[in-house]
Every structure is written in C-alpha cells, then in structure tokens.
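Hi everyone, thanks for coming. Could you bring up the structure on the screen, please? I'll walk us through it from the whole chain down to a few single residues.

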Amino acid sequence: MDIITSHNALDFDGLAAIVAAGKLYPSALKVFAGTLSKNVKKFMGLYKDHLSIRYPREVDLGRVSRIILVDTRNPNRLGQLQGLCRRPGIEFYVYDHHPASPGDVAGVLEEVHEVGATTTILVEKLISEKIAVTPFEATILALGIYEDTGSLLFSSTTWRDAAAVSFLLSRGANLSVVSVFIEEPFSDEQRYLLHKLMETSHHYHVKGADVLVATVEVDNFVPGLDLVTHRLAEMEPADAVFVIAMMEGKANIVARSRTSNIKVNEVLSFVGGRGHEKAASAMVKGRSLRSLTEEVMKRVEESARPSLTARDIMSTPVKTVSAHLTMEEAGRIMLRYGHTGMPVVDGENVVGVISRRDVDKARMHDLGHAPVKGYMSRTVISVAPETPVKELQRLMVEHDVGRLPVIEEGRLVGIVSRTDILRTLHGEDEEIEDHEVLYVSDEAGSSDDCREILSQRLPSRIQSLLEIAGVVAEDLGFMVYMVGGIVRDLLLGVPNYDIDLVVEGEGLVFARALAQRLGGRARVHERFQTAVVVLPDGFKIDVATARTEYYEFPAALPVVHRSSIREDLYRRDFTINTMAICLNPGRFGELIDYFGGRKDLKEGLIRILYNLSFVEDPTRILRAIRFEQRYKFQIEAETLRLARDAIDRRLLGKLSHKRILHELILILEEKDPLPALRRMDEIGVWEYVMPEVRLDSETWIMLRRVPRVLGWLAERWLNIGLRSWVVYLLVILQKLPDSAVEDIVHRYRFDRDVTEILLMGREVPGLAVEIEEIRSLSMSDLNKKLRKLSGEHIAFLLLCLNRPESWERVARYLELKQDVRVKVNGYDLKALGLREGPVYQKILSDLYDANLDGLVKTYDEEIELVKKWISEGRVKDDG
C-alpha cells in the first residue's frame, strides 16, 4: 500500500503538496502525520469532505510499502508515522525544497529543488504530465505557494514559484479564498509578542551586515512565531533577524536572512535548526534566553562572510575629464571608453560629474564648445572604499545618481556605477540598462500610500471622480495617474482641485471612455495626444498620454512622443512637480516619486531634474522663481547656479515674447507677486522681460498696495471680475513715456481689450491729480471723467490717489454708481409729448447725473425735472 504524507504541524505548503501528490499517485492514500497548524485546521473544518485525507489511526500501517513524502525529509517531523522510517523494505519518494541535513531519509526517487514552496515542484510535475486540475484544487495549491513565499514576496521566492501560480490562476484558482486564509489577522497573543519583541530588539553590526536579535518570554505557547518574525522584520529592517521566544519552558527560535552572507540554517545548526539559508527555525530545551542569544551571535560572527564593499566592486583606475575641457571633448572621451558618465576633476580634486546625456543635449543645443564646468553636476556624492554595497545602493536611490566616486585619503581611487550595483545584486549574466531605477525594498512602505491624504484633503466628489477614472483605465487595460500641481499641493496641504491625468496607453481612448462614463464630453487634441473631459456642470479634467519630449534647439517648443509614466515625469520642470498618484483600483493612492520630489517638498527646495533643463526651456527660470516665492521655498544652490548661467548666456532672449508674457502673467496673478518680481530683478531676469522699466522705490510702494485695493474693490464693488495682472502692469508701466508703452504693447501683442486698457491707462495719473486738486467736483463731474474707465483703471486710479478725502470721494461715486437707476423711460418721455430721437438719450443721461448729485430720488421728481427742462427750453423737441 502507498501513502502520501508530510510533516507534523502541517502548514498549507504541506497540505497542498499532499493534494498535488495525490494527483500524481491517485492510488495512494493521503495521510496526516500528526497535528495541523491553526489555519490548516480552520481550512479543513470547511473543506475536509472534499479532500479525503485520513489520520494514522484510520490506516493499516502494517501494509505500507511505499511512502510519498512531501515538504520534509526529516523522520523526526513525521509525528505518528516516525516508526515507518525504521521499518525495512519501505521505499520513499521524496519531494522537498529544504536543504539536506544529517538523518534525512534516502529516497528511491528524490525531487529536491531550491524553490520557495514544495508545492511548486509538484505543480511543475502536473504540468509536464498534462494532468488536469480543478479550480478547487488550483486554489489549494495556490494557498501552499502563497503561504511559503509570503505571497511571492519572501527572498526565497523563485521565478518557478511565480510561474506555478500563473498556471494555477489560469486553472481558476480563487484568490479571494487564498486571501482569507493567508491574511489571517494577528491574535491578541501575537500582537503582545510583537510588542515585546520590539521592546527587546537590538541591532548588531557584523562584518558589514545589520543583525537584529529580539527575545521574549511568555507562559503559554503562542502559534505563528514565524508570522510575528516576518512582521518584526518589516518594521525593523535588517540583513538578518533572529527571534528567540521562551514558551512553556522551551526556546523557540525563528531566523530570517536577506543576505547570502549570513546563512541562518548554518547559524542554528548548533541546536539542530533546520530550514533554508534565508529561513530557519529550531526548538531548544534547557537553555536560557541570555545564553542562546550569546551563542547565536557567536555563531553569526563565526559564519558570516564579509559584506561586499565599494572596494570590491569599484572600477579602477578611474577615467576622468578636466573641468576645462569642452562638452564635445568630454563626449569623445566617454565614447572612447564606453562610459555613460565620468567624474570631473580640477587638478587632483573631484569637482563634479558629467554624463553622456548631458553631452548629447549640449550638442543638440550647439553648446559643444561650452566648458564642462558649466554643465556638470557639482553635487558630488562620494563614498569611502569600505562603504557596504547596501549603503551604495541607498545613496544612489536617495540622490538619483548613476555613479559614486570612491575617495580614500583625499584621492580618487575608484568609481562605482549603477551597473556595478545591479550586477552585484543580480549576477554577471544579467543585461541591465544603466538607467534602470533602483529600489531599496526595506524603505518601501506606508509612507508611499496616499489614500488617507486623498480622503482627508479632497472633496468627496473629487475622490469619486478619481476612483471612477481608475476603474475606466483598468477596464481598458491602461494605467492612469494623477500628476502635477494637484499632487504637489495635496502633499503640502494647499487646496487645488485642478485634475491632471496621465495615461500609460491611449490617452484619447481613455478620455472618451471617461467622458461617456461621467456623462460629459471630451475635447481632444490629436497632435499632442491630450484631451479635456468636460462634465455637465462645466468641471474639467485634463488628460494626456504619457509622453516624452525633446527640444530641437534652445527655447524651442517640444517635440512629443509616447512613453511611460517615468519618462513623462522626467520631462517636467522641477522635482516637486514630478510626483504622481496611481488611480488604478489595485494601486489606488500609491505615490510615484522617481526623482525625490517629496524629499524636496519637505526640505523646501526648488530643484531641476537635469543640468541642461534651463537651456532646453528658459521659461523654467521664471517658473522656478514663481514656485520659490509662492511656497516660501529656496531655489537649490546648483539649480540657481545653472539658472544664472542660462541668464548670462542670454538664453531668455531666445524665447518668444508670447511665452515670456504667459509666465509673467502667472507671476502677477500670484497672491503676492512682489517677492517674485524682486527675485527676477535680483538675478537678471527682469531685463529680458521689460528692460525699459526700472522698478524704483515709489513703484514698489504702489505695487505693495495693489492687493489691498483689489481686496477692497472685491468686497465693496462686487463681482467686477478684475484682472489683477493688468492692474500690476498699469503700475509697472506708469512712469514710461507713451512711445515706450506702445513698444511694449506691440512687442507682447496683447489682445485688443488689454491693449486699450494699457494705452488709456496713461491718462489715469492725470485724472488722479485733477480729483486731488479740484475738491469741488460733483458726483456727476466725476462720472463724466470716469465713466469710460475699466475696472482695472479704477483700481489704478485709487492707487494714484494720496489724500483720504479723494479716496472717499471716488468710493462714494462707485457706491452711487452701483445703486443709481433712472426711473423714467422712453414711454414716459413720449407721454410728455416729446418725439423720439437723440434728445431721449440726452435727457436720460442728464437724469442719471441728477440722481448722482442727489437732485432727484423718485420717479415723480424725475418727471417734474424733465417738465421744468421743457418749460425752460433746455429740452427741444427735434420733431
């Protein structure tokens, strides 16, 4: 008789392996060796009728001639079936993924592979022998793999495990059932264990590795110590973790490792520990926590191999370029040696780093003759020869740099590239692009999840729109991200509800589908692959296809190609504007931050993404100033240097006046544009905007008053729709001669309305003088002088007034102008015997002035006044 069995305290990998082996050996009886783990017991309580697995007492063990042993080779783990291992004549077929250890049974057939789960080995057999699997069976097998690989996240997971899961999903594995049993919540006892372990955890540094040891002592046995250890490792990242828990007088040890330099099964071999290099456990009697901790650390120090350091993987000697070479010459040197970047030296000192991408852009903009020192990255992140690889990896990720010079005693002794790191991590045979992004797994976590921020800081309607956008994208097989200013302001806590979406896929297809789903319409722009979704109430959502841009010459408009979200974000201006939030259901709220935008937000820095950013688009200099002053940030030092360099090279002079005007208007529309105007003047930008204008102290005083005047008008003279930027321009241009203003108007090609306001604004200071000097002006006199002025002119006029009584007079006029209405109409005039004609307009205008001056207030008084004018001959019948 053949039986299939696994280890005592059966987990899901053991259960699933028994089920899979039952498919391979259908005539064999499936038998539990002993106890079941808590989760397996819960599962069997629901599904035991579907599995037909027996206990030893239900089987005639004397008839057993062959044992198919899965997920173990250790006789001591076979519970009630241990005796069979000593019986002569019994054959063993072994399927296991644990390393060999003394005392293992010898199998006639042995399938032992280094995979994450034994179930994977058996699934591969089912596939090769083309044995059908039902959805229920596929679900159990998936449970086994997911449990032993931590849902494919444990470092012991292999591609074979993922391939096996893929097959099972294709056969109908139900992940909802899997999640119910895999994501079992912590019990109160497990939470207590975790709390105590965190209190006692201590980090040791052994040969460049970070080793965490934590201990706890409890009276009762608490199951799931492996899960508690995994959670501790997530919360207290380390290269290796050892948990020693004293329960019921026995020491239970669970160990996990993230590095091949510390093999935890070797460390625990002194107490008979079993498992893998990266996951092992042991149970010990008669030892104290202190003695076990000391012994574990002694074994770690003896068996640990030194971590790789910069010295081990660096390239040497280092090829460098001089800071005084031209970009063209630097490019030829990099091409000759096949490097994507090189350190820049001035004498013996490393002063910067230059990349091939920098050189290529310089050539594109005819700057090949420029010196390397002008466009190199001056922020050099260097390391010592003994810096561990893990630290090298962290520095590259944190600073988004592709190479790290290695400095020893002030000398450049080597260089470590991103490719060196990746090959160290993934092996020499890997073909790895140098621009690939590195992620440090133990730094990923809840800080990248913005769901709570979305729910707290966005109106429910906006949240709903974002969720619907994610669902629409998912249905189309696309990825959609919220990008730009709304993400930046969301993290800053600044209200901003202008939704910009970027789609990895067909942006226009997505926009039309979203519009249909929301009952709106989509306005598409084929050339730039952008669209605007307009909802029935007028609310707008901007949609773009993920794209990359290049500039054919300095200050040119970009040429656009489709791309990924990373490339789309890389084309943006500053790191704080390069963040995105994924909206697809499975990743909703996930923050995408390739370029350190969130870090710069926290530090209050405006930083460009690459050295030639201002060369490609000099308007970014104005935007840098605008963001710097809006958020009270600081332009990062290297960014400011590159901005000044672009200004010195007169690149702003290559911009079209239309683009400069657009940026100027955005600055003047800020809540307080004065700091930005001062910054423009300070670093030399203003001379490219309006070189005719010198902003003297008197003008600054008037500019400071603009927000107060506009606020007063908005409060008293309701809904007049003033354009603040036009008011600021009126103040800025006030001291220029008419010819200079005409030149500026012509240069910037303002629309007709703004042109008329700016030209007519030349008269406003003179009107202010008249109002100040002629104190006897009546309201009707004021009306004759001011009735043709726009709202922006009125604001400018108030700014030009110096005397409080003059201000009050104009304020009184504005209030009357709001309230006064002539009661008499043309029918009334006709009833008085007046023929229709121009006289009607003259009478109604005079009545308006009479109302302003308080001469009449009612309809009857207006009629009587018209009759008086007729009797006095002031009104003549044109008929």
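Let's begin with charge: how many positive and how many negative side chains does the chain have, and how far apart do the centres of the two sets lie? The count is 115 positive and 131 negative side chains, and the centres of those two sets lie 2 Å apart. Before I go further, please keep in mind that this is a predicted model.

Now the overall build. The chain contains 39 helices and 27 strands. Its radius of gyration is 39 Å, whereas the globule rule gives 29 Å for 879 residues, so the chain is more spread out than a compact globule. If you draw a box around the C-alpha atoms along the principal axes, that box is roughly 140 × 75 × 50 Å.

The accessible surface comes to about 41,700 Å², and carbon and sulfur atoms account for 49% of that. Here is another way to look at the fold: take the contacts between residues at least 6 apart in sequence, and 66% of them join residues at least 24 apart.

One sheet to find on the screen is an open one of 5 strands, in the order 2-1-3-4-5, with parallel pairing. At its edges are strand 2, residues 29-30, and strand 5, residues 109-112, each of which pairs on one side only. Strand 1, residues 2-5, pairs with strand 2 in the parallel sense over 2 bridges, and there isoleucine 3 stands opposite leucine 29. Strand 1 also pairs with strand 3, again in the parallel sense, this time over 4 bridges. Threonine 5 has leucine 69 in strand 3 as its bridge partner.

I'd like to stay with strand 3 for a moment. How many of the 5 residues of strand 3 are buried? The answer is 5 of the 5, for residues 66-70, so this strand is largely enclosed by the rest of the structure. Look at which way the side chains go: Arg66, Ile68 and Val70 point one way, while Ile67 and Leu69 point the other way, and all are buried. On to strand 4, residues 91-96: strand 3 pairs with it in the parallel sense over 5 bridges, with arginine 66 opposite glutamate 91.

One last stop: where is arginine 620? You'll find it in helix 24, which covers residues 619-630. Is arginine 620 buried or exposed? Its relative accessible area is 2%, under the 20% cut-off, so arginine 620 is buried. Arginine 620 and phenylalanine 574 are 46 residues apart in sequence, and their C-alpha atoms are 8.6 Å apart in space.

Conventions
Residues are numbered from 1 along each chain as its sequence is written. This is a predicted model: local features need pLDDT of at least 70, side-chain atom pairs count only at pLDDT 80 or more; totals for chains, interfaces and linings use all residues. Side-chain values use heavy atoms; hydrogens and water are left out. The radius of gyration is taken over C-alpha atoms; the globule rule is 2.2 Å times the number of residues to the power 0.38. Contact means heavy atoms within 4.5 Å. Accessible areas come from the Shrake-Rupley method with a 1.4 Å probe; for residues, only the protein chains shown count as cover. Lys and Arg count as positive and Asp and Glu as negative; His and the chain ends are not counted. The place of a charge is taken as NZ of Lys, CZ of Arg, CG of Asp or CD of Glu. Two strands pair if DSSP finds at least two bridges between them. Buried means under 20% relative accessible area, exposed over 50%, partly exposed in between (1.4 Å probe, protein chains only).
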